[in-house]
Amino acid sequence: MLVEALDQGARAFGWENRKPRPCMSRDGEWWVGMGVASAARVNMLMPAAARVRLEADGSLLVQSDQTDIGTGSYAILGQIAGEMLGVPIARVRVELGESQLPSGAGSGGSFGACSTGSAVFRACEAIRERLAHQLGVRVEALELRDGVASGGGRSRPMTELLQGQALEQIGRIKPGKTEKDYSQASYGAFFCEVAVNAFTAETRLRRMLGAFGFGRVLNAKTARSQCLGGMVWGIGSALTEELVFDLRDGRLLNHDLAQYHVPCHADIPAVDVILLEERDAAASPLQAKGVGELAICGAAGAVANAIYNACGVRMRRFPMTPDRLITELPDPCQPVAGQLPRQQGT
């Protein structure tokens, strides 16, 4: 998957147009360069539980104590249950964040959707088995769509099968043999283009693209949003973000957003994402893997490589601010292709 991410990303980004040596591309007073870096993030399946209740009226209720911190847990868990049981998403209700509910995996570490989602999947499998028994067909032949159960030449509304009674199941998941038998990870590749001012050493990101493979894409919109956010995080790490401590007593000195500089809209140009479809049966019952933090891994490295390709300065400390770059830039008055910098960074 890493090779596929590099190949597809390179084609989409136009990597073949990159100049192979530093200082070979100049746009007015700006040195221009491209950089690439790969990404890998270990896949983790955590213990999780979730309750799914198929109500007598054919609607669905999904419950877990997992929180949604803006990553789309409400949407994804509801979507999994709705698709498994043939219920339109408008008739699926998701309740999260209450401590008395079944214990989910939590939000963090890129394991929430796959782990708690797998618990929802297991609960829905159990409900499907009971519906198949009610219809009198094998579970493999059961098809649920728009509130109707069919299979084996039979078809009945699910409300008839329920006979006024709700069906409720708690699904559970925990790491098993595949965690030890398989090396599991999500992979990606970052491509970026930067411009470095030959006089001021200001670095401006011109464009960036990430290609990511993380098993089955559960929700393309929320996954793409997480990838975009991760890439912005990586850009901030590369160019602006730095914690400053008082070396005398360890106190944090820049403890507000006026002094700790996160990227703003003007700092982030056109950013694009490619989601590589993959099914990984060893990763989880959903054949999906974590994505959130994958899009951070390597993003800052791609920016550093692009800076080197632009002006020939190899920076080895983040953030790569103008004051750390300016003393090592090539002579700005000598726009000679392939010119080397006066001094290599350390």
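Which element supplies the largest share of the lining of the second largest pocket? The legends below, which describe a predicted model, take up this pocket first.

**View 1. The second largest pocket and its lining.** The largest share of this lining comes from β11, which gives three residues. The pocket holds about 250 Å³ of space. Its lining is made of 14 residues, and those closest to the centre are Thr203, Arg204, Leu239, Thr240 and Asp267. Two elements, β11 (203–213) and α6, each contribute at least two residues to the lining. Sorted by class, the residues around the second largest pocket are eight nonpolar, three polar and three charged.

**View 2. The largest pocket and its lining.** The volume of the largest pocket is about 590 Å³. Helix α6 gives the most, with seven residues. By class, the lining of the largest pocket comprises 18 polar, twelve nonpolar and three charged residues.

**View 3. Helix α2, from end to end.** The end C-alpha atoms of α2 lie 18 Å apart, which agrees with the 18 Å that its 13 residues should span at 1.5 Å a residue. Ten of these 13 residues are buried, so α2 is largely enclosed by the rest of the structure. The buried residues in α2 are Ser73, Ile76, Leu77, Gly78, Gln79, Ile80, Ala81, Gly82, Met84 and Leu85. After the helix comes Gly86, with a positive phi near 65°.

**View 4. The open sheet of five strands.** The strands are arranged in the order β1-β2-β10-β11-β12, and the pairing is mixed. At the edges are β1 (26–27) and β12 (270–276), each of which pairs on one side only. Strand β2 (residues 30–42) runs antiparallel to β10, and 13 bridges join the two. Within this pair, Arg41 has Ser186 of β10 as its bridge partner.

View 5. Strand β10 (residues 185–197) is joined to β11 by ten bridges, and the two run antiparallel. Ala195 stands opposite Arg204 in β11, and Val196 has Thr203 of β11 as its bridge partner. Five residues lie between the strands of the hairpin, where Ala201 takes a positive phi near 70°. Is β10 enclosed or exposed, and why? Twelve of its 13 residues are buried, so β10 is largely enclosed by the rest of the structure.

**View 6. Thr321 in the loop between α7 and α8.** Thr321 is located in the loop that runs between α7 (299–311) and α8 (322–325). The relative accessible area of Thr321 is 15%. Because buried means under 20%, Thr321 counts as buried. The side chain of Thr321 makes a polar contact of 2.6 Å with the side chain of Asp323.

Conventions:
Residues are numbered from 1 along each chain as its sequence is written. This is a predicted model: local features need pLDDT of at least 70, side-chain atom pairs count only at pLDDT 80 or more; totals for chains, interfaces and linings use all residues. Side-chain values use heavy atoms; hydrogens and water are left out. Helices (H or I, at least four residues) and strands (E, at least two) are DSSP runs, numbered from the N terminus. Buried means under 20% relative accessible area, exposed over 50%, partly exposed in between (1.4 Å probe, protein chains only). A polar contact is a pair of N or O atoms within 3.5 Å; within protein, one must be able to donate a hydrogen and the other to accept it, and residues adjacent in sequence count only if both atoms are side-chain atoms. On a 1 Å grid over the protein atoms alone, a cavity is a set of points where a 1.4 Å probe fits but cannot get out, and a pocket is an open set with protein on both sides within 12 Å along at least five of seven lines; lining residues have an atom within 4 Å of a point. Grid points are joined across faces, edges and corners, and a volume is the space filled by probe spheres set on the points. Ala, Val, Leu, Ile, Met, Phe, Trp, Tyr, Cys and Pro count as nonpolar, Asp, Glu, Lys and Arg as charged, and the others, Gly among them, as polar. The expected span of a helix is 1.5 Å times one less than its number of residues. Two strands pair if DSSP finds at least two bridges between them.
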